[in-house]
Amino acid sequence: MDVDVPGTVLKRERTRDAVLELIESRSPGDAIPSERALCSLLGVSRPTVRAAVDELVAAGLLVREHGRGMFVAPAKITQELVAGDRSLTVPQAAGAWSSRLLEFTTLQAGARVGRKLRMSPAAEIVYVARLRLVDGAPMAIEHLHIRAELVPGLSAQELESGDLYEHLRATHGVHVHEAVQAIEPTVVTRVEAKLLDVPELSPALLFERLTSDTSGRPVEYVHSLYRGDRYRIVSRLALGPAAEVAPDREGHHPGIPPGDFAHGDAITSSTRGDIQTGA
C-alpha cells in the first residue's frame, strides 16, 4: 500500500476501527467476515483491509486459521499493578493459573546471576524453570534463581505448592521483605516460541524481579517472559488519599510463585528500565 497517497493512513485507521468494532461485538472464538466480505461491507480495497487485519492479528486481537478464516482471539489476561508505596495488593489476574515444571536443579550461580544475588559466581543456586498456563493455554516462561544455602532440601513439590517463603521463614528465619520489579518489551526466541505456542520473534513482556530479606540481602532473582499477544499490564495510580482497604493477597503476580507473599510481606512494583540490585 502506498502510504503517500492522501487519505491512505486515515482510511486504514477507519477500517481498523470498523474491524475492531466487529471484534468487540463478538466473543472469543467467534468468526468475523472474510477479507473479501469486509471489503464489500466497508467499501475499501483489499490491501486496506489486509493492512488493518494484519495490525489486529499482530496486536493479538484476531487469529487467522489457514483454510478456516479469521476469529476473535482469546481475551487478554489483565494484571493490575498498584502504586509502589503500598504493600502487595495486586488483584488476581484473570483465568485459572497452573504450572508445568520444565527444570529443577542446583548449579553454580555464574557471573550474571551471582552479580544479581551479590554472591560468588561459584556459589550454588537452586534453578527452576516452569511454564505458566491460563485455562490450559501457555502464557509465560518463568526462571527462578534462589540462594541454595537458604533452601537445603527444597523440593519441586514444595515450590509448586507455594510454600517457598513459608519454608524460608519457618525453617531458616529468612523473612522476605521487599521485591523490586522491572518490565520491558522483548521478542521470543525459537525455543521460547515453541513452548508458548507463538511464532518466533513474537512480542513479549520481560519481567525481572529481585527479592530481598529484611536485612537487604538478595534472596531470589526471577526473570519471566509473558506473551505479548495475551498479557497486558494496567497501572492504578493513587491521585489522592483513600480509605484503608484490606489487601487481597490471593492470585497471580508476574514471576512470583503461587502462594508467595501470602503472609504479609511487602513488595513494591517498578516499571523502570533496570532492576535495582544494589550491586
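This is a predicted model: local features need pLDDT of at least 70, side-chain atom pairs count only at pLDDT 80 or more; totals for chains, interfaces and linings use all residues.
**Stop 1: S120**

Select S120. This residue is partly exposed, with a relative accessible area of 40%. S120 sits in the loop between α4 and β6.

Residues are numbered from 1 along each chain as its sequence is written, and side-chain values use heavy atoms, with hydrogens and water left out.

**Stop 2: the open sheet**

Switch to a cartoon view. Six strands form an open sheet, in the order β5-β6-β7-β10-β9-β8, with antiparallel pairing. Two strands count as paired if DSSP finds at least two bridges between them. Strands of a sheet pair through backbone hydrogen bonds, either parallel or antiparallel.

Which strands are at the edges? Select β5 (97–108) and β8 (176–187), which each pair on one side only. Then look at the twist, which averages 15° from one strand to the next. Angles here run from 0 to 180 degrees between N-to-C directions, and axes are lines fitted to C-alpha atoms, for helices over the stretch in contact.

**Stop 3: along β9**

Select β9 (residues 203–213). Is β9 mostly covered or mostly uncovered? It is mostly covered: 10 of its 11 residues are buried.

Start with the β8 partner. 11 bridges join β8 to β9, and the two run antiparallel. Pick T186, and you will find A204 of β9 opposite.

Now turn to β10 (residues 218–227), which pairs with β9 in the antiparallel sense over nine bridges. L205 has Y226 in β10 as its bridge partner. L210 is bridged to Y221 of β10. Between β9 and β10, the hairpin has four residues, and G216 takes a positive phi near 90° there.

**Stop 4: two helices on the sheet**

Show α4 (residues 110–117). This helix packs on the sheet and touches β5, β6 (124–134), β7 (137–147), β9 and β10. Contact means heavy atoms within 4.5 Å. The direction of α4 makes about 120° with that of β10.

Next, select α6 (residues 164–172). This helix lies across β7, β8, β9 and β10, and runs at about 175° to β10.

**Stop 5: the nonpolar cores**

Display side chains. A nonpolar core is a set of buried Ala, Val, Leu, Ile, Met, Phe, Trp, Tyr and Cys residues joined through side-chain atoms within 4.5 Å. The largest one has 16 residues. Those with the most contacts inside it are V126, I146, L150, V151, L154, L164 and L168. β6, β7, α6 and β10 each give two or more residues to this core. Which element gives the largest share? Helix α6 does, with three residues.

Center on L168. Leaving aside neighbours within four places in sequence, L168 is in contact with L150, V151, G173, V174, V176 and V219.

Then find the second, separate core, which has 14 residues, including V19, L20, V53 and M70.

**Stop 6: positive phi in the loops**

Most residues other than glycine have a negative phi, and most peptide bonds are trans. Select D135, in the loop between β6 and β7. Its phi is near 50°, a positive value in a residue other than glycine. D135 is exposed, with a relative accessible area of 60%.

Go to D197, in the loop between α7 (190–196) and β9. The phi of D197 is near 60°, again positive in a residue other than glycine. D197 counts as exposed, at 62% relative accessibility.

**Stop 7**

Select β2 (residues 62–65) and β3 (residues 69–72), which run antiparallel and are joined by four bridges. L62 stands opposite V72 in β3. This hairpin has three residues between the strands, and G67 takes a positive phi near 80°.

Definitions and conventions: Buried means under 20% relative accessible area, exposed over 50%, partly exposed in between (1.4 Å probe, protein chains only).
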